[in-house]
Every structure is written in C-alpha cells, then in structure tokens.
Amino acid sequence: MSARLFQLEQIIEKVFASLDTNHDGKCSRSEISQYLRRSPDLGDESIELALKMIFEFDSDNDGLISFEEYKKSTFHEQIDPNLDSAEWTKAIESYLAGLNEKEFQKWVDYCSTP
Ligand SMILES: [Ca+2]
Ligand SMILES: [Ca+2]
C-alpha cells in the first residue's frame, strides 16, 4: 500500500470507529443517524436524505456500512466503488500518486470528518 493511501486509511478508520458506537465493525442506520442528529442544522428531512445517500454504498445490501464500503464511498467521485478491492486499491493509489502536496492535504482534511 502506498504511504498516501495508508495515511488516509488511518484517518478514515478513526472516523469510522467514532461512528461505529457498538464496535461491531459496521455502521448501522441508527449509528449513522445518531451521529447526524448531533449536528443542529440538520432537520429530519436532511437526515433521511443523507442516510439514503450513504446507503447507496451498501454494496452487499446487508443494511450496514462496512469499513470497506465507507472507504469506497469517500472516493466515489474519483474511483468507481463497484471495483473489487484489489482493483480499487490500485486505482486509488494511482489517483493519489498524481496529486501534488496541496491537493493531497485537501483529502487529509476531507477524510478527517465523516
Ligand atoms: Ca456498529
Ligand atoms: Ca454492507
């Protein structure tokens, strides 16, 4: 794994762990909505919408977001989340390798919040 991907994964893992309040390694609807409800500007409608967007990345349809699914959702605009893990990792590594330091730093900041 490239150093850049490793760095981002560490950050994403921490954020993911903070969402996964029962520590079963997956995020349920209620765990994610609990998190969203902490933000005072989000009404019920925006929370529903956010949940709908997040659960589009539930690619195995088990009703839970795994770390893998969460990680892929973070980069869904850059890398097709339907790639298998090996192909996805290759694609994200080459994407990250092509960024300059400033662009990479933006990803570091972006990944630091859920
Ligand atoms: Ca959980
Ligand atoms: Ca899933």
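The model is predicted, so local features need pLDDT of at least 70 and side-chain atom pairs count only at pLDDT 80 or more, while totals for chains, interfaces and linings use all residues. Residues are numbered from 1 along each chain as its sequence is written, and chains are lettered from A and ligands numbered from 1 in the order in which they are written.

Start with the naming. Helices (H or I, at least four residues) and strands (E, at least two) are DSSP runs, numbered from the N terminus. Two packed helices are described by the angle between their axes and the distance between the axes. Axes are lines fitted to C-alpha atoms, for helices over the stretch in contact, and angles run from 0 to 180 degrees between N-to-C directions.

Take H1 and H6. Their axes lie 9 Å apart, at an angle of about 15 degrees. The two helices are therefore roughly parallel. The cut-offs are these: under 35 degrees is roughly parallel, over 145 is roughly antiparallel, 65 to 115 is roughly perpendicular, and the rest is oblique. The crossing of H1 and H6 is right-handed. A crossing is right-handed if the near helix is turned clockwise from the far one by less than a right angle, and left-handed if anticlockwise.

Which residues meet between H1 and H6? From H1 come Arg4, Leu8, Ile11, Ile12 and Val15. From H6 come Phe104, Trp107, Val108 and Cys111. Residues are in contact here if their C-beta atoms, placed from the backbone, lie within 7 Å. By class, this contact has 8 nonpolar, no polar and 1 charged residues. Ala, Val, Leu, Ile, Met, Phe, Trp, Tyr, Cys and Pro count as nonpolar; Asp, Glu, Lys and Arg count as charged; the others, Gly among them, count as polar.

H1 also packs against helix H4, residues 67-74. The angle is about 120 degrees, and the axes are 10 Å apart. That makes H1 oblique to H4. Their crossing is right-handed. H1 brings Glu9, Ile12, Glu13 and Phe16 to the contact, and H4 brings Phe67, Tyr70, Lys71 and Thr74. The classes are 4 nonpolar, 1 polar and 3 charged residues.

Now turn to H2 (residues 29-37) and H3 (residues 44-55). They pack at about 135 degrees, with their axes 10 Å apart. That makes H2 oblique to H3. The crossing of H2 and H3 is right-handed. Arg29, Ile32, Ser33, Leu36 and Arg37 of H2 make the contact with Ile47, Ala50, Leu51 and Ile54 of H3. By class, there are 6 nonpolar, 1 polar and 2 charged residues.

Look at one residue of H2, serine 33. Is serine 33 partly exposed or buried, and why? Serine 33 counts as partly exposed because it has 16 C-beta neighbours inside 10 Å. A residue is buried with 20 or more other C-beta atoms within 10 Å of its own, exposed with 12 or fewer, and partly exposed in between; the C-beta atoms are placed from the backbone. Not counting residues up to four places away in sequence, serine 33 touches Ile47 and Leu51. Its C-alpha atom is 9.6 Å from that of aspartate 44, which is 11 residues away along the chain.

Next comes the core. The largest nonpolar core has 8 residues: Leu8, Ile12, Phe16, Cys27, Ile32, Ile65, Tyr70 and Cys111. H1 gives the most to this core, with 3 residues. A nonpolar core is a set of buried Ala, Val, Leu, Ile, Met, Phe, Trp, Tyr and Cys residues joined through C-beta atoms within 7 Å. One of its members is isoleucine 65. Leaving aside neighbours within four places in sequence, isoleucine 65 is in contact with Lys26, Cys27, Ile54, Phe57, Asp58 and Tyr70.

Proline 114 sits in the segment after helix H6 (101-111). With 15 C-beta neighbours inside 10 Å, proline 114 counts as partly exposed. Beyond four places in sequence, proline 114 is in contact with Val15, Leu19 and Tyr35. The C-alpha atoms of proline 114 and isoleucine 12 are separated by 8.2 Å, yet these residues are 102 apart along the chain.

Finish with two loops. Histidine 23 lies between helix H1 (3-19) and strand S1 (26-28). Histidine 23 is not a glycine, but its phi is positive, about 55 degrees. Histidine 23 counts as exposed, with 7 C-beta neighbours inside 10 Å. Asparagine 61 is in the loop between H3 and strand S2 (64-66). Its phi is also positive, near 50 degrees. Asparagine 61 is exposed, because 7 other C-beta atoms lie within 10 Å.

Key: Two residues are in contact if their C-beta atoms, placed from the backbone, lie within 7 Å.
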